[in-house]
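Hello,

Here is the structure we talked about. Please open it alongside this message; my notes follow below.

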Amino acid sequence: MTAKYAGDDSNSEAEVSDSLKTFGAVLKALREEAHLTQEEFAPRVMYSATYIAKIEQGKRFPPLRLLQRVGPVLGPTATRVLNAAVQSLTRKVGLASWFQHWAGIEEEAVTLYAYECRAVPGMLQPEPYIRAIFNRHFPPMTEAQIEKQTAARLARGQLIADRPNTAFSFIIEQALLDRELGGPDVTRSLLSHLLEQGERLNVEIQVMPTHQPDHCGFEGAMYLAETLSDSEQSRWVGYVEGHETSLLITNGRAVSAMLQRYGKMRSQALSHQDTRSLLERMRGAL
């Protein structure tokens, strides 16, 4: 089964901000009514206290998994109240409608794979690189659009820090780094950011060498996510996108083929340590 998405009908920043703050206030009130601190509540719903704080402050979209886990912690009445509150939530500001479904899956993933041959994966993009991309977008974007989408992409990148128990794997084509999109200063910022993120225990970054005769990623960029059901049953889904359209892939055979290709590419790319050495040399040469 696949699902296609196209276009961008995201709501205004004010609408999203108000609905997030409303939901956050409701969650906070219910938590405090149960006499639980954020530090006590967070591990019981399997999120960090920092993540819960951001949701209560209206700075993070509440994942579906949170809504499913509050029942045993706060009780059935609280669950009904939160389910009613979630109806007021509108779509995420700055994220295109065709991307929002995958963005929700990213927030629930216990494992996330990404292979990119077009641009460095969004989760790994520092602000200068993000702005370099949006400044080259065609048709041109307004300053307001750039600011809105930059903020949304930076928030996505924060998932890596907010989800320390999620395993992230990224394969990036060397040509994307050699290109020096935005110039030497932007590239230096990018390389430093990749080195910093690669220090995290839950992050593996690999560069695919420009010269790799056995490269099997010729079918293009792809993303894969593993999620767990409440019964802890694992489920993988795939995702591809381009030119303001996207495709969510749930067919088991198709997802299995993507996993096989990704696994093969991991063996063809530079190791995590060799990638780090390459990034350091490239940064030093700028």
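This is a predicted model: local features need pLDDT of at least 70, side-chain atom pairs count only at pLDDT 80 or more; totals for chains, interfaces and linings use all residues.

The buried positions in α13 are Thr 275, Leu 278, Leu 279 and Met 282. Seen down the helix axis, they fall within an arc of 100 degrees, so they line one face of α13. An α-helix has 3.6 residues a turn, so residues three or four places apart point the same way. On the other side of α13, Arg 281 and Gly 284 are exposed. The helix itself runs over residues 272-285, 14 residues in total. From first C-alpha to last, α13 reaches 20 Å, close to the 20 Å expected at 1.5 Å a residue.

Next, the aromatic rings.

The structure holds six aromatic pairs. One of them joins Phe 168 and Phe 170. Their ring centres are 6.3 Å apart and their planes lie at 0 degrees, so this pair is stacked. Both Phe 168 and Phe 170 are buried.

Tyr 223 and Tyr 239 make an edge-to-face pair. Here the distance is 6.3 Å centre to centre, with 70 degrees between the planes. This pair links distant parts of the chain. Tyr 223 sits in strand β5 (residues 222-228) and Tyr 239 in strand β6 (residues 234-242), 16 residues apart. Are these two tyrosines, Tyr 223 and Tyr 239, buried or exposed? Tyr 223 has 9% relative accessibility, so it counts as buried. Tyr 239 has 2%, so it counts as buried too. Ring pairs also bring in Trp 102, which forms a cluster with Tyr 223 and Tyr 239.

Now the charged side chains.

Side chains of opposite charge can pair when their charged atoms come close. A search of the whole structure finds 12 salt bridges. Three of them are described here, starting with Glu 56 and Arg 31.

In that bridge, the closest N and O atoms of Glu 56 and Arg 31 are 2.6 Å apart. Which helices does the pair link? Glu 56 belongs to helix α3 (residues 49-56), and Arg 31 to helix α1 (residues 13-33). The two residues are 25 residues apart. Both partners count as buried: Glu 56 at 8% relative accessibility, Arg 31 at 5%.

Glu 116 and Arg 118 meet in a salt bridge at 2.4 Å, N to O. Their surroundings can be set side by side. Glu 116 is buried, with a relative accessible area of 3%. Arg 118 counts as partly exposed, at 36% relative accessibility. Glu 241 joins Glu 116 and Arg 118 in a network of salt bridges.

Glu 147 and Arg 131 also form a salt bridge, at 2.8 Å from N to O. This pair again links distant parts of the chain. Glu 147 is in helix α8 (residues 143-157) and Arg 131 is in helix α7 (residues 127-134), 16 residues apart. Glu 147 has 39% relative accessibility and counts as partly exposed. Arg 131, at 23%, counts as partly exposed as well.

Best wishes

Key: Residues are numbered from 1 along each chain as its sequence is written. Side-chain values use heavy atoms; hydrogens and water are left out. Rings of Phe, Tyr and Trp (its six-membered ring) pair if their centres lie within 6.5 Å; planes under 30 degrees apart count as stacked, over 60 as edge-to-face and the rest as tilted. Buried means under 20% relative accessible area, exposed over 50%, partly exposed in between (1.4 Å probe, protein chains only). Helices (H or I, at least four residues) and strands (E, at least two) are DSSP runs, numbered from the N terminus. The expected span of a helix is 1.5 Å times one less than its number of residues. The arc is that of the directions from the helix axis to the C-beta atoms. A salt bridge is a side-chain nitrogen of Lys or Arg within 4 Å of a carboxyl oxygen of Asp or Glu.
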